[in-house]
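Hello,

Here is the structure I promised to pass on to you. Have a look at it first, and my notes on what turned up follow below.

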Amino acid sequence: MEAAHTPAELTVTSPEQMRDLGRRLAKLLRAGDLVLLSGELGAGKTTLTRGLGEGLGVRGAVTSPTFVIARVHPSLGDGPPLVHVDAYRLSGGLDEMEDLDLDVSLPESVVVVEWGEGKVEELTEDRLHVSIHRAVGDTTDEVRNVRVLGLGARWAGAELEALSA
Ligand SMILES: Nc1ncnc2c1ncn2[C@@H]1O[C@H](COP(=O)(O)OP(=O)(O)OP(=O)(O)O)[C@@H](O)[C@H]1O
Ligand SMILES: [Mg+2]
(Lines give C-alpha, C1' and ligand atoms only; values in the text may rest on other atoms or scores of the structure.)
(Ligands and ions follow the chains in the order given, each with its own letter.)
Protein backbone atom coordinates (compact mmCIF):
# COMPACT_ATOMS: atom_id res chain seq x y z
CA MET A 1 0.00 0.00 0.00
CA GLU A 2 1.21 3.47 -0.80
CA ALA A 3 2.02 5.62 2.21
CA ALA A 4 -0.45 8.42 2.77
CA HIS A 5 0.11 12.09 2.21
CA THR A 6 -1.82 13.47 5.12
CA PRO A 7 -1.83 17.26 5.31
CA ALA A 8 -1.27 19.06 8.59
CA GLU A 9 -3.78 21.77 9.47
CA LEU A 10 -2.55 24.36 11.94
CA THR A 11 -3.77 27.58 13.45
CA VAL A 12 -1.24 30.33 14.03
CA THR A 13 -2.24 33.36 16.07
CA SER A 14 0.68 35.79 15.72
CA PRO A 15 3.63 36.64 13.47
CA GLU A 16 5.95 35.23 16.14
CA GLN A 17 4.13 31.91 16.02
CA MET A 18 4.44 31.91 12.25
CA ARG A 19 8.19 32.32 12.60
CA ASP A 20 8.24 29.49 15.12
CA LEU A 21 6.40 27.31 12.66
CA GLY A 22 9.06 28.14 10.09
CA ARG A 23 11.78 27.10 12.53
CA ARG A 24 10.05 23.77 13.17
CA LEU A 25 9.46 23.22 9.47
CA ALA A 26 13.15 23.85 8.80
CA LYS A 27 14.01 20.77 10.86
CA LEU A 28 12.16 18.60 8.34
CA LEU A 29 13.92 20.09 5.32
CA ARG A 30 17.07 19.08 3.51
CA ALA A 31 18.85 19.86 0.27
CA GLY A 32 16.65 19.15 -2.73
CA ASP A 33 13.42 20.17 -1.03
CA LEU A 34 11.02 22.52 -2.80
CA VAL A 35 8.49 24.43 -0.71
CA LEU A 36 5.64 26.32 -2.37
CA LEU A 37 4.02 29.04 -0.31
CA SER A 38 0.57 30.23 -1.28
CA GLY A 39 -1.88 32.65 0.28
CA GLU A 40 -3.07 36.19 -0.32
CA LEU A 41 -0.97 39.35 -0.01
CA GLY A 42 0.16 39.79 3.56
CA ALA A 43 -0.86 36.27 4.56
CA GLY A 44 2.51 35.60 6.16
CA LYS A 45 4.55 33.75 3.53
CA THR A 46 7.67 35.85 4.02
CA THR A 47 7.23 35.74 7.80
CA LEU A 48 7.22 31.94 7.64
CA THR A 49 10.28 31.99 5.38
CA ARG A 50 12.08 34.19 7.92
CA GLY A 51 11.61 31.42 10.48
CA LEU A 52 12.76 28.85 7.94
CA GLY A 53 15.95 30.82 7.41
CA GLU A 54 16.53 30.97 11.16
CA GLY A 55 15.85 27.27 11.53
CA LEU A 56 18.21 26.40 8.69
CA GLY A 57 20.84 28.70 10.13
CA VAL A 58 21.47 30.73 7.02
CA ARG A 59 23.13 34.08 6.56
CA GLY A 60 21.19 37.29 6.00
CA ALA A 61 17.69 38.31 6.99
CA VAL A 62 14.85 37.01 4.85
CA THR A 63 12.92 39.99 3.49
CA SER A 64 10.32 40.69 0.84
CA PRO A 65 12.36 41.33 -2.25
CA THR A 66 11.23 44.50 -4.00
CA PHE A 67 13.19 44.16 -7.19
CA VAL A 68 15.04 40.93 -6.66
CA ILE A 69 13.14 37.83 -7.61
CA ALA A 70 15.39 35.39 -5.81
CA ARG A 71 17.90 35.61 -3.02
CA VAL A 72 20.36 32.96 -1.94
CA HIS A 73 21.08 32.74 1.78
CA PRO A 74 24.19 30.60 2.34
CA SER A 75 24.36 28.37 5.39
CA LEU A 76 26.34 29.62 8.36
CA GLY A 77 27.12 25.98 9.17
CA ASP A 78 27.28 22.95 6.94
CA GLY A 79 23.61 22.85 6.00
CA PRO A 80 22.03 23.66 2.67
CA PRO A 81 21.58 27.25 1.48
CA LEU A 82 18.09 28.74 1.37
CA VAL A 83 16.98 30.01 -2.02
CA HIS A 84 14.04 32.37 -1.46
CA VAL A 85 12.04 33.20 -4.58
CA ASP A 86 9.17 35.67 -4.85
CA ALA A 87 7.41 34.89 -8.12
CA TYR A 88 4.64 37.44 -7.62
CA ARG A 89 5.67 39.59 -10.55
CA LEU A 90 6.20 36.66 -12.85
CA SER A 91 3.30 35.57 -14.93
CA GLY A 92 5.02 32.82 -16.84
CA GLY A 93 6.53 29.59 -15.67
CA LEU A 94 10.07 28.32 -15.23
CA ASP A 95 11.13 29.59 -18.64
CA GLU A 96 10.67 33.13 -17.36
CA MET A 97 12.93 32.27 -14.41
CA GLU A 98 15.55 30.59 -16.54
CA ASP A 99 18.26 32.95 -15.31
CA LEU A 100 17.71 31.70 -11.78
CA ASP A 101 18.81 28.17 -12.70
CA LEU A 102 16.56 26.76 -10.01
CA ASP A 103 16.93 23.29 -11.51
CA VAL A 104 20.69 23.57 -10.99
CA SER A 105 20.54 24.89 -7.42
CA LEU A 106 17.67 22.71 -6.15
CA PRO A 107 19.65 19.49 -5.54
CA GLU A 108 21.95 21.28 -3.12
CA SER A 109 19.51 23.84 -1.69
CA VAL A 110 16.21 24.28 0.05
CA VAL A 111 14.13 26.29 -2.45
CA VAL A 112 11.17 28.26 -1.11
CA VAL A 113 8.88 29.97 -3.62
CA GLU A 114 6.20 32.51 -2.79
CA TRP A 115 3.46 32.75 -5.41
CA GLY A 116 4.96 29.70 -7.12
CA GLU A 117 1.81 27.72 -7.80
CA GLY A 118 1.38 26.96 -11.46
CA LYS A 119 4.93 28.15 -12.15
CA VAL A 120 7.57 25.90 -10.64
CA GLU A 121 5.93 22.48 -10.21
CA GLU A 122 7.88 20.99 -13.08
CA LEU A 123 11.07 21.33 -11.01
CA THR A 124 10.19 18.22 -9.02
CA GLU A 125 7.32 15.92 -8.10
CA ASP A 126 8.40 16.07 -4.47
CA ARG A 127 6.98 19.25 -3.09
CA LEU A 128 5.72 20.71 0.12
CA HIS A 129 2.73 22.99 -0.38
CA VAL A 130 2.10 25.43 2.44
CA SER A 131 -1.10 27.48 2.15
CA ILE A 132 -1.67 30.33 4.55
CA HIS A 133 -5.02 32.07 4.85
CA ARG A 134 -6.53 34.63 7.15
CA ALA A 135 -9.03 32.99 9.45
CA VAL A 136 -12.61 33.87 8.61
CA GLY A 137 -14.15 36.32 11.06
CA ASP A 138 -10.90 37.18 12.80
CA THR A 139 -11.07 40.86 13.78
CA THR A 140 -7.49 41.04 15.06
CA ASP A 141 -6.06 40.09 11.63
CA GLU A 142 -3.50 37.92 13.38
CA VAL A 143 -5.06 34.49 13.05
CA ARG A 144 -3.96 32.33 10.14
CA ASN A 145 -4.97 28.87 9.02
CA VAL A 146 -2.01 26.97 7.67
CA ARG A 147 -2.18 23.80 5.66
CA VAL A 148 0.95 21.81 4.94
CA LEU A 149 0.72 19.13 2.28
CA GLY A 150 3.61 16.99 1.11
CA LEU A 151 3.58 15.56 -2.40
CA GLY A 152 5.65 12.81 -3.98
CA ALA A 153 7.71 9.95 -2.58
CA ARG A 154 9.83 12.33 -0.48
CA TRP A 155 6.85 13.21 1.69
CA ALA A 156 4.95 9.92 1.70
CA GLY A 157 4.19 8.99 5.27
CA ALA A 158 5.85 12.16 6.60
CA GLU A 159 4.75 13.04 10.11
CA LEU A 160 3.65 16.57 9.39
CA GLU A 161 1.40 16.62 12.46
CA ALA A 162 4.62 17.06 14.43
CA LEU A 163 4.61 20.64 13.18
CA SER A 164 1.77 21.59 15.49
CA ALA A 165 3.97 21.79 18.58
N1 LIG B 1 -0.30 35.04 12.35
C2 LIG B 1 0.44 35.77 11.52
N3 LIG B 1 1.34 35.18 10.74
C4 LIG B 1 2.08 35.90 9.87
N5 LIG B 1 2.01 37.22 9.73
C6 LIG B 1 1.11 37.87 10.49
C7 LIG B 1 0.29 37.19 11.41
N8 LIG B 1 -0.50 38.07 12.04
C9 LIG B 1 -0.20 39.26 11.51
N10 LIG B 1 0.78 39.16 10.60
C11 LIG B 1 1.33 40.29 9.84
O12 LIG B 1 0.96 40.11 8.49
C13 LIG B 1 2.04 40.51 7.64
C14 LIG B 1 2.50 39.34 6.81
O15 LIG B 1 3.45 39.81 5.90
P16 LIG B 1 4.32 38.88 4.98
O17 LIG B 1 5.27 39.76 4.26
O18 LIG B 1 4.90 37.75 5.77
O19 LIG B 1 3.19 38.30 4.00
P20 LIG B 1 3.37 37.65 2.57
O21 LIG B 1 2.38 36.53 2.52
O22 LIG B 1 4.79 37.31 2.32
O23 LIG B 1 2.90 38.81 1.60
P24 LIG B 1 3.25 39.06 0.05
O25 LIG B 1 2.24 38.27 -0.74
O26 LIG B 1 3.06 40.53 -0.12
O27 LIG B 1 4.65 38.60 -0.20
C28 LIG B 1 3.13 41.05 8.54
O29 LIG B 1 2.99 42.42 8.67
C30 LIG B 1 2.84 40.34 9.86
O31 LIG B 1 3.29 41.08 10.97
MG1 LIG C 1 6.09 37.86 0.82
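Helix H1 (15-26) and H2 each contribute at least two residues to the shell around ligand 1. H2 gives the most, with three residues. Please keep in mind while you read that this is a predicted model.

Around ligand 1 there are 18 residues in total, and the closest are Gly44, Lys45, Thr46, Thr47 and Glu142.

The side chain of Lys45 places a polar atom 2.7 Å from an oxygen atom of ligand 1. For Thr47, an N or O atom of the side chain is 2.6 Å from an oxygen atom of ligand 1. Ser14 takes part through its backbone instead: an N or O atom there lies 3.3 Å from a nitrogen atom of the ligand. On its own, ligand 1 has 640 Å² of accessible area, and the protein covers 76% of that.

Now to the metal. Which protein atoms are the donors of the magnesium ion (ligand 2)? They are OG1 of Thr46 and OE of Glu114, lying 2.1 to 2.2 Å from the ion. These two residues connect distant parts of the chain, since Thr46 sits in helix H2 (residues 45-56) and Glu114 in strand E5 (residues 110-114), 68 residues apart.

Five of the five residues of E5 are buried, so the strand is largely enclosed by the rest of the structure. Both of its faces are covered: Val110, Val112 and Glu114 are buried on one side, and Val111 and Val113 on the other.

E5 also has strand partners. Strand E2 (residues 34-38) pairs with E5 in the parallel sense over four bridges, and in that pairing Leu37 has Glu114 as its bridge partner. Strand E4 (residues 82-86) runs parallel to E5 as well, joined to it by five bridges. There, His84 stands opposite Val112 of E5.

Best wishes

Methods
Residues are numbered from 1 along each chain as its sequence is written. Chains are lettered from A and ligands numbered from 1 in the order in which they are written. This is a predicted model: local features need pLDDT of at least 70, side-chain atom pairs count only at pLDDT 80 or more; totals for chains, interfaces and linings use all residues. Side-chain values use heavy atoms; hydrogens and water are left out. Donors are N, O and S atoms within 2.8 Å of the metal (3.2 Å for Na, K and Ca); water is not among the atoms, so sites may look incomplete. Buried means under 20% relative accessible area, exposed over 50%, partly exposed in between (1.4 Å probe, protein chains only). Two strands pair if DSSP finds at least two bridges between them. A residue is near a molecule or strand if one of its heavy atoms lies within 4 Å of it. A polar contact is a pair of N or O atoms within 3.5 Å; within protein, one must be able to donate a hydrogen and the other to accept it, and residues adjacent in sequence count only if both atoms are side-chain atoms. Accessible areas come from the Shrake-Rupley method with a 1.4 Å probe; for residues, only the protein chains shown count as cover.
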